[in-house]
Amino acid sequence: MTDFQDHQIRDRIKIEYMYTMGGQSKFFIELMKNKKLLGTKCKKCGKTWMPPRINCSDCYEPADWIELKQTGTIEVSTIVWYTTSAFIKAVPYGIGFIKLDGAETALFQGIFSENLVPSKIKKGKRVKAVFNKEREGKMTDFFFVPEDEYENWISKPEFEGGM
Amino acid sequence: MAASSYVSMVNAHYEEFGNPTEEQMACVSVKNHGNARLNPKSQSPMKITVEDVMNSRIICYPFKMLDCCLYSEASAALILASEEKVKELGVEKPIWITGVGAANTDCFIGNREDMGRLYSNIYAAKSAYKMAGLDYNNIKQQIDLAELHDAFSGQEVISYEELGFVPFGEGGSWIEKTFEKSGEGPWIDGELPCCPSGGLIGCGHAVGATGIMSTGEAALQLRRDAGKHQVQIEKGRAISHSIGGPGAAYAAIIVMENEEGLKK
């Protein structure tokens with residue numbers, strides 16, 4: 001047997017990459033530039049999708065872009081205390097499925113509250129979208145707050161209200 | 001991230017039916033960690049109480065640390081053979097797969113009309129039972145055990161309902177009742193032992209290998225080779241259950257029978 005010795009050096013691989021939002025790009029551009037929340041409406045069956053689908057997931061027909069209201073209702077939620085490194089500084093925070101007014105499917109998005117307890121963000125509670133002042137065209141550009149806290153949130157320097 | 005998709009289903013189920021409560025979910029954790037103590041291959045054997053689960057660190061409301069399985073690395077294998085090959089080789093105590101069911105639902109939970117239910121579980125169970133000639137509404141009386149996909153304690157409770165063990169809304173009270181009956185454990189007897197191996201919570205969740213593990217465990221039970229966590233085999237029939245994919249959209253159920261089960 002040969003005398004095998006292992007010498008290891010710690011190094012780092014840095015990868016820069018881009019990815020495209022493809023057919024959904026319009027949603028992210030409008031979010032970033034105009035603080036609008038766009039859904040889609042199926043040309044055939046009329047179902048309104050949010051998050052948007054460029055083709056209807058039910059009948060596979062193309063769908064038209066439509067602007068949706070920025071208010072909605074919580075369908076289900078949780079409060080997160082343990083998460084990935086990207087969000088760990090924000091814990092505890094709420095997340096949940098929110099049906100925007102006029103949409104037939106629910107969006108999975110952050111729900112923040114000044115008084116974050118399960119009852120405050122439970123099913124049926126009304127919420128409104130708040131936008132970061134600095135936006136990159138990502139889902140983390142906006143979040144929801146209870147309607148009665150909206151004015152407080154948008155008065156903070158880092159956030160603002162929608163169109 | 002997986003916790004947040006399962007917790008959405010569990011919370012939506014709670015909104016609709018008022019259960020599973022945090023204590024009822026804790027019963028599953030105590031049961032599965034406890035059963036794992038009898039399984040030499042398990043990775044998370046623990047003797048704990050409902051209070052221990054309730055007091056463990058919160059992950060995402062209402063799941064606590066001990067409600068969640070441990071993501072793990074492990075391997076599992078099954079040897080499958082045709083009926084002809086089994087006979088040709090003279091395999092002792094073969095276990096026969098008599099029913100297979102698999103189904104998908106919307107991968108994105110926000111598309112689901114009923115967020116508190118996993119329809120793929122219901123469809124997979126119904127088609128597997130049908131193939132095996134079993135009755136969905138009477139399944140609890142027709143099998144000796146079930147190895148379930150308990151990635152999170154609350155999901156096991158909902159599976160009791162979706163797989164037809166109890167009517168919708170009664171999973172929480174059923175686990176409470178069966179849990180108390182076995183006292184300090186192990187929970188490998190009673191009406192229908194679920195996860196006698198310890199399940200994913202007790203064994204560890206080696207994603208991708210666990211469905212094979214659960215199926216192998218059920219087969220060992222039917223061969224009466226499970227060791228210390230052996231359940232009483234009377235009907236000669238068991239099921240294994242696995243779910244996966246984004247939003248836990250995909251479900252698979254396998255019905256297995258030993259030679260006695262085939263005759264019944």
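Tutor: Helices α1(B) and α6(B) lie oblique to each other (angles under 35 degrees count as roughly parallel, over 145 as roughly antiparallel, 65 to 115 as roughly perpendicular and the rest as oblique). The model is predicted, so that local features need pLDDT of at least 70 and side-chain atom pairs pLDDT 80 or more, while totals for chains, interfaces and linings use all residues. Residues are numbered from 1 along each chain as its sequence is written, with chains lettered from A and ligands numbered from 1 in the order of writing.

Helix α1 of chain B spans residues 2–17 and helix α6 of chain B residues 153–162; their axes are 9 Å apart and the packing angle is about 55 degrees. Here helices are DSSP runs of H or I with at least four residues, strands are E runs of at least two, and both are numbered from the N terminus. Axes are lines fitted to C-alpha atoms, for helices over the stretch in contact, with angles from 0 to 180 degrees between N-to-C directions. The crossing of α1(B) past α6(B) is left-handed (the near helix is turned anticlockwise from the far one by less than a right angle). On the α1(B) side, Tyr6(B), Met9(B), Val10(B) and His13(B) make the contact, and on the α6(B) side Gly154(B), Gln155(B) and Ile158(B); contact requires C-beta atoms, placed from the backbone, within 7 Å. This contact comprises 4 nonpolar, 3 polar and no charged residues (Ala, Val, Leu, Ile, Met, Phe, Trp, Tyr, Cys and Pro are nonpolar, Asp, Glu, Lys and Arg charged, the others, Gly among them, polar).

Helix α2 of chain B, residues 22–35, also meets α6(B): their axes come within 8 Å and cross at roughly 100 degrees. The two helices are therefore roughly perpendicular to each other. Gln24(B), Met25(B), Ala26(B), Val28(B) and Ser29(B) of α2(B) face Ser153(B), Gly154(B), Glu156(B) and Val157(B) of α6(B) in this contact. By class, the residues involved are 4 nonpolar, 4 polar and 1 charged.

A residue is buried if 20 or more other C-beta atoms, placed from the backbone, lie within 10 Å of its own, exposed if 12 or fewer, and partly exposed in between. Among the buried residues are Glu156(B), Glu161(B) and Glu162(B). Just after α6(B), Gly164(B) adopts a positive phi of about 90 degrees.

Conventions. Two residues are in contact if their C-beta atoms, placed from the backbone, lie within 7 Å.
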